[in-house]
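Here is a short briefing on a two-chain model. Please read the points below with the structure open.

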There are 2 protein chains.
Amino acid sequence: MVSYLVIAMTDRALALEWLSRQRVARLATADKTLAPHVVPVCFILATEGGSVYITIDEKPKDTGRPLKRIRNILENPQVALIADRWDEDWSQLAWVMARGSADILHDGTEHRAAQAALREKYPQYQSMTLACLPVIAIRIERVTWWGRLGG
Amino acid sequence: MVSYLVIAMTDRALALEWLSRQRVARLATADKTLAPHVVPVCFILATEGGSVYITIDEKPKDTGRPLKRIRNILENPQVALIADRWDEDWSQLAWVMARGSADILHDGTEHRAAQAALREKYPQYQSMTLACLPVIAIRIERVTWWGRLGG
């Protein structure tokens, strides 16, 4: 006999579950002068839904400076991440935004686990050397969503 | 006889031309406490490439307060807008980011022209009453891009 454990997901949990299934999101940061910056990112949501992880996969530019997203987080850890579904049928539009505070991880257990999970979600990372590159860890404080998250 | 005028486009002009053809972008703003916010938006780029226009198409929420993107712009006009192409083949990835300062237009010639151009790009707007709703006008100061913008 098989028993089923039925767990009622809250709307917030459903929104996070939808977010976790998306392949691309956009990460918004802001520097100390209040200037926003936004880039597309690959990401994973940790199973418990508390953190989003993004790895850097590029060498610092020729200037030797870290990427702007990293410099912004070091100046101001507040970030917003959004994933959305576009459709010409606007009844199908949806988005989920997670806001919180970001840490930069350079090594350690959490850094390794994040990059391993990213390689699992994105086979594209499997041929890249990531271990020496930082991971952005967003500690989610607030989740908002809109639209048709089913499907 | 037909004459052709061949205009060599700069990289910046090519990036703006690519941006203008995208159907959805994401608008990042930040409030005075440095907290970023980001939402998907429909937009048009004015022909001369100097401004991006986004119309509000929703009534203010029940609270009577304007949307957060508008409140942020009133507090801090600096914004960043990005459009990107996702592909599982990462050699096809591309993005264009436009940064600048945003004005909120409530009426007038520029407001009307922007909403007319938005209705032309997005037939979905044709059944909506927009005239009383504000338009965000981004005055582009800086354009950055990355990846494979051809195609």
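The contact between the chains takes 24 residues from chain A and 24 residues from chain B; two residues are in contact if their C-beta atoms, placed from the backbone, lie within 7 Å. The model is predicted: local features need pLDDT of at least 70, side-chain atom pairs count only at pLDDT 80 or more, and totals for chains, interfaces and linings use all residues. Residues are numbered from 1 along each chain as its sequence is written, while chains are lettered from A and ligands numbered from 1 in the order in which they are written.

**Chain contact**

- On the side of chain A that touches chain B, the elements giving two or more residues are strands E1 (25-30), E2 (36-41), E5 (78-85) and E6 (94-105) of chain A.
- By class, that side of chain A has 16 nonpolar, five polar and three charged residues.
- Here Ala, Val, Leu, Ile, Met, Phe, Trp, Tyr, Cys and Pro count as nonpolar, Asp, Glu, Lys and Arg as charged, and the others, Gly among them, as polar.

**Chain A overall**

- Chain A has three helices and seven strands.
- Helices (H or I, at least four residues) and strands (E, at least two) are DSSP runs, numbered from the N terminus.
- The order of elements in chain A, from the N terminus on, is α-β-β-β-β-α-β-β-α-β.
- The C-alpha trace of chain A spans about 60 × 40 × 30 Å along its principal axes.
- Of the 151 residues in chain A, 34% are buried.
- A residue is buried if 20 or more other C-beta atoms lie within 10 Å of its own, exposed if 12 or fewer, and partly exposed in between, with C-beta atoms placed from the backbone.
- Among contacts in chain A between residues at least 6 apart in sequence, 70% join residues at least 24 apart.

- Five of the five residues of strand E4 (residues 51-55) of chain A are buried, so E4(A) is largely enclosed by the rest of the structure.
- A:Ser51, A:Tyr53 and A:Thr55 point one way from E4(A), whereas A:Val52 and A:Ile54 point the other way.
- Strand E3 (residues 44-45) of chain A runs antiparallel to E4(A), joined by two bridges; strands pair if DSSP finds at least two bridges between them.
- A:Ile44 has A:Tyr53 in E4(A) as its bridge partner.
- Five residues lie between E3(A) and E4(A) in their hairpin, and A:Gly49 in the turn has a positive phi of about 80°.
- Strand E7 (residues 135-147) of chain A also pairs with E4(A), in the antiparallel sense over five bridges.
- In that pairing, A:Val52 has A:Ile138 in E7(A) as its bridge partner.

**Nonpolar core**

- The largest nonpolar core has 69 residues, and A:Leu81 and B:Leu81 touch the most other members.
- Such a core is a set of buried Ala, Val, Leu, Ile, Met, Phe, Trp, Tyr and Cys residues joined through C-beta atoms within 7 Å.
- Leaving aside residues up to four places away in sequence, A:Leu81 touches A:Ala25, A:Leu27, A:Phe43, A:Val52, A:Met97, A:Ala98 and A:Ile138.

**Helix H3 of chain A**

- Helix H3 (residues 109-121) of chain A has 13 residues, which at 1.5 Å a residue should span 18 Å; its end C-alpha atoms are 18 Å apart, which agrees.
- The expected span is 1.5 Å times one less than the number of residues in the helix.
- A:His111, A:Ala114, A:Gln115 and A:Leu118 are the buried residues of H3(A).
- They cover an arc of only 95° around the axis, so they sit on the same side of H3(A).
- The arc is that of the directions from the helix axis to the C-beta atoms.
- These buried residues pack against E3, E4, E6 and E7 of chain A.
- A:Thr109, A:Ala116 and A:Glu120 are exposed on the other side of H3(A).

**Leu34 in both chains**

- A:Leu34 has a positive phi near 75° in a residue other than glycine.
- A:Leu34 lies in the loop between E1 and E2 of chain A and counts as partly exposed, with 19 C-beta neighbours inside 10 Å.
- B:Leu34 is not a glycine either, yet has a positive phi of about 75°.
- B:Leu34 lies in the loop between E1 and E2 of chain B and is partly exposed, with 19 other C-beta atoms within 10 Å.

**Strands E1 and E2 of chain B**

- Strand E1 (residues 25-30) of chain B runs antiparallel to E2(B), joined by six bridges.
- B:Arg26 stands opposite B:Pro40 in E2(B).
- Five of the six residues of strand E2 (residues 36-41) of chain B are buried, so E2(B) is largely enclosed by the rest of the structure.
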